[in-house]
Amino acid sequence: MNKDKELQRDKAYKTIKDAIISHTLKPGEFLQEQDMVSRFGLGRTPLREAFQRLTNEGLLQNVPRKGIFVTIFSPEDVRSIFELRSNLDAIAAKLAAKYASKEEIEGLEAMLSDPEFCEANKVQFDENVHAAIAKCSHNAELEKILNGLYVKSICMFSMEGYVRESIDEMKKELKEIISKIKERDPEGASAAALRHVGSRNWFQ
């Protein structure tokens, strides 16, 4: 693929995704193509590709004969996504404790000490660490499902107006998971992941 086209595609995807997460594009909002092109300065083809990708991820809905809308998550959706994510996060951590290489574990530890991350980008930081742990599970299907569930979780945080924990709290909880992975303690890693996801009862 042409590098410029790939960059435009990725930019369109990130722009629309971030607008949904930040609530700039609200649940149920109709996304008119020309309006999105003008509003965000995106090309039509990259925008359509972003719409398709976000529809596949469940953040947008393509309603026949009506168009593209931002997904509205029902209370049942919230419960289902949270229950599934909690348990799959625990499974990913458990598998990572079994299968992660020494280099992968060192990479996880390095992420926690990287000074580049700060309070302003803690959501991206959390997403990156969770994605890395899922990758360390060496289970491609689990990794794909979890990455999609994570994005939906972040959207629900935004829609409900939740205030995320501090970066220090986040790092402390993630450090516990990674420590158990390093110790090759599958059950301990699984329990630490469950505590992290459910620690503030956001979705109760």
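Select His 130 to begin; this residue lies in helix α6, where helices (H or I, at least four residues) and strands (E, at least two) are DSSP runs numbered from the N terminus. With a relative accessibility of 8%, His 130 counts as buried. Buried means under 20% relative accessible area, exposed over 50%, and partly exposed in between, with a 1.4 Å probe and protein chains only. Show next the residues that His 130 contacts, leaving aside neighbours within four places in sequence: Arg 85, Asp 89, Tyr 150, Leu 174 and His 196. Contact means heavy atoms within 4.5 Å.

The model on display is predicted, so that local features need pLDDT of at least 70 and side-chain atom pairs count only at pLDDT 80 or more, while totals for chains, interfaces and linings use all residues. Residues are numbered from 1 along each chain as its sequence is written, and side-chain values use heavy atoms, with hydrogens and water left out.

**Arg 85**

Arg 85 is buried, with a relative accessible area of 6%. Not counting residues up to four places away in sequence, Arg 85 touches His 130, Leu 146, Leu 149, Tyr 150, Ser 153 and Val 197.

**Helix α9**

Select residues 186-198 to display helix α9, which has 13 residues. From the first C-alpha to the last, α9 reaches 18 Å, close to the 18 Å expected at 1.5 Å a residue; the expected span is 1.5 Å times one less than the number of residues. Which residues of α9 are buried? They are Pro 186, Gly 188, Ala 189, Ser 190, Ala 192, Ala 193, His 196 and Val 197. These buried residues pack against α4 (75-99), α6 (122-136) and α8 (167-182).

**The packing of α4 and α9**

Display α4 together with α9. Two packed helices are described by the angle between their axes and the distance between the axes. Axes are lines fitted to C-alpha atoms, for helices over the stretch in contact, and angles run from 0 to 180 degrees between N-to-C directions. For α4 and α9 the angle is about 150 degrees, and the axes are 7 Å apart. Therefore α4 is roughly antiparallel to α9. Angles under 35 degrees count as roughly parallel, over 145 as roughly antiparallel, 65 to 115 as roughly perpendicular, and the rest as oblique.

The crossing of α4 past α9 is right-handed; a crossing is left-handed if the near helix is turned anticlockwise from the far one by less than a right angle, and right-handed if clockwise. To see the contact on the α4 side, select Phe 82, Arg 85, Ser 86, Asp 89, Ala 90, Ala 93, Lys 94, Ala 97 and Lys 98. On the α9 side, select Pro 186, Glu 187, Ala 189, Ser 190, Ala 193, Leu 194, Val 197 and Gly 198. Coloured by class, this contact has 9 nonpolar, 3 polar and 5 charged residues. Ala, Val, Leu, Ile, Met, Phe, Trp, Tyr, Cys and Pro count as nonpolar, Asp, Glu, Lys and Arg as charged, and the others, Gly among them, as polar.

**The loop between α1 and α2**

Turn now to Glu 29, in the loop between α1 (3-21) and α2 (33-40). Glu 29 is partly exposed, with a relative accessible area of 23%. Where sequence neighbours up to four places away are not counted, Glu 29 touches Thr 24, Arg 39, Ile 68, Phe 69 and Val 70. Glu 29 and Val 70 are 41 residues apart in sequence, yet 5.4 Å apart in space, C-alpha to C-alpha.

Pro 27 is also found in the loop between α1 and α2, and is partly exposed at 30% relative accessible area.

**The whole chain**

Finally, zoom out to the protein chain, with 9 helices and 2 strands. Of its 204 residues, 44% count as buried.
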